[in-house]
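Here is a quick tour for anyone opening this structure for the first time. Have the 3D view ready and follow along.

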Amino acid sequence: MLNTQPQINLPDKASPELLDVLNAGLCVLNKDMDILWINKVQESWFAPCKEIVGKKCYETFEKRDHICIGCPVIKSFRDKKTHISNLRTVYLNGEKRYFRIAASPILNPFGEADKVLELVIDITEKRKNEVETRRLNANTRKMNKILKNLANERANELRLADEELRTIFELGNRLVSSLEINEVLQTIVNTVPNFLNVSGCIVRVFDETRSKLILEAASGLSGTFVENTESLKIGEGISGIAAKSGVPIAIADISCDNRVKHLQECIKEGIRSLLVVPIAFKNNILGTIAAYSRDVKSFTASEINLISTFAIHAAIALNNAKLHKKIQLSYYSTIAALVNAVEAKDPYTSGHSERVTNYALKIAKELNLGKRALDVLAYSGKLHDIGKIAIPDSILQKPGPLTPLEMAEVETHPVKGVEMVRSVKFLEKCFSVIRHHHERYDGKGYPDRLKGKEIPVLSRILAVADAFDAMTSKRPYRKGLKIDEAMVEIEKNLGKQFDSNIGSAFLGIFKK
């Protein structure tokens, strides 16, 4: 197994407008309290990022020679939770300023907090208002009542802001703790509608190989809409424009905006308003988050800021998940190489898995199965006989018929194959395909004697491809059948060993 340790990469310079739209300071710190990066807002308060990076935060920001008492960053490193500090007082250019700090851990793929993202809000004006309120309270009773109401309103606004801040960081923690891309995407589309009070959410992920934004997850939309709006070029449609510019785009009524791609599909789906923010990491576009409403809605600056902050966490989470998938793919490649090595030892089985995979994919395409099914089938086909590694060579290469005991041993290989790949999470959908590729349509197969449509469709496809290659391949105890002879055997066993539709599709491929 490869010993690859994934790293969480963090922004090392000012990002696009997305990181500054909050009008709040952002700072990344390590466990030694060294400053790794600050955004433009924090640069405007203290100094350019390049002059600050590497210095201690307490020395730079608060002019102290020791870590601040009750530091939320230390707490965040300790318990991997979000912490919000009480009031902090800082002197900037001789002026007394007040800040509130929220610290949230950035977890690496192993669940360790090796960095903390600190969000700093300047609440100086609020503090001044509070002081002024106390002074005016000494005037008349009437003025006191008015100011009290104003103070209550401000306090309520601050409470709501604090709740939103805490919520967004907690959701961010959930995102970055996930290492599966699909889980990250599903969390986004399930979460955004709740805290923005909209009808649904669409997440597009940038596919570098196709140079397109692909619709990978959505909530509240029909399958027809998803199919008809699957991909967008960078710069195309609202999502494409937001991805290209790096700036959020809010539209109160899409029917009045000619930038909207697939306008008729959106109108049929009932979409009226749209808010799109880019998901960017180190100046690289990863995708977009689109919140939509079926009512005309003017998105507020607060809502735009909220989803923009969420997009920062989404960017870190997606980057982590992609790194994790690379490790998983490396593991898969190692297993696939092992299959090739085992097959190469025996000239009678050399290339079997590759040929079976190719036959199976041709059948699946003939049946018009989707891309995701083809991906699962490609992995499953390559690994379908991995369990034979656990079967003695004396049985696999025996130059003659097998005894009942030897046959029983061979029939364990689908189950053993699943056990060998079970730790590779992204192959989860392959498990049942591998386990059941030797089931028969009439229920006389193994290991579970499934029958008919009880057998997964991809297993039924593999069964035809596997049988065809086995029949046409030379064995120590017999010659391989000619293609025409093997096709006759498949046709004779339609509805018995094989699914008739799948077997017929395979025969049709050769007739073409």
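What follows is a look at some helix packing and some aromatic rings in this predicted model.

## Helix α12 against helix α13

Let's start with two helices. Packed helices are described by the angle between their axes and the distance between those axes. Helix α12 covers residues 352–366 and helix α13 covers residues 371–383; they pack at about 155 degrees, with axes 8 Å apart. Angles over 145 degrees count as roughly antiparallel, so α12 is roughly antiparallel to α13. Their crossing is right-handed.

Who does the touching? On the α12 side you'll find Ser353, Glu354, Thr357, Ala360, Leu361, Ala364 and Lys365, and they meet Leu374, Leu377, Ala378, Gly381 and Lys382 of α13. Sorted by class, this contact of α12 with α13 has six nonpolar, three polar and three charged residues.

## Helix α12 against helix α20

Helix α12 also packs against α20, at an angle of about 105 degrees and with the axes 9 Å apart. Angles from 65 to 115 degrees count as roughly perpendicular, so that is the label for α12 and α20.

Here α12 brings Tyr359, Lys362, Ile363 and Glu366, while α20 brings Ile502, Ala505, Phe506 and Ile509. The class tally for α12 with α20 is six nonpolar, no polar and two charged residues.

## Rings that pair up

Now for the aromatics: the count comes to seven aromatic pairs. One of them joins Phe468 and Phe506, with 5.0 Å from centre to centre and 70 degrees between the planes, which is edge-to-face. Phe468 sits in helix α18 (residues 457–472) and Phe506 in helix α20 (residues 500–511), so this pair ties together parts 38 residues apart in sequence.

Phe468 has another partner, Phe510: their ring centres are 5.2 Å apart and their planes stand at 40 degrees, so the pair is tilted. With Phe468 in α18 and Phe510 in α20, this pair ties together parts that are 42 residues apart in sequence. Phe510 counts as partly exposed because its relative accessibility is 34%.

## One cluster

Which residues form the aromatic cluster? Tyr359, Phe468, Phe506 and Phe510 do. Two of those names have come up already: Tyr359 and Phe506 are among the residues in the contact between α12 and α20.

Notes
Residues numbered from 1 in each chain as written. Predicted model: local features only at pLDDT ≥ 70, side-chain atom pairs only at ≥ 80, totals over all residues. Heavy atoms only, no water. Axes fitted to C-alpha atoms, helices over the stretch in contact; angles between N-to-C directions. Helix = DSSP H or I, 4+ residues; strand = E, 2+ residues; numbered from the N terminus. Parallel < 35°, antiparallel > 145°, perpendicular 65-115°, else oblique. Left-handed = near helix turned anticlockwise from the far one by under 90°. Contact = heavy atoms within 4.5 Å. Nonpolar A, V, L, I, M, F, W, Y, C, P; charged D, E, K, R; others polar. Phe/Tyr/Trp six-rings, centres within 6.5 Å; stacked < 30°, edge-to-face > 60°. Buried < 20%, exposed > 50% of the residue type's maximum accessible area, 1.4 Å probe, protein only.
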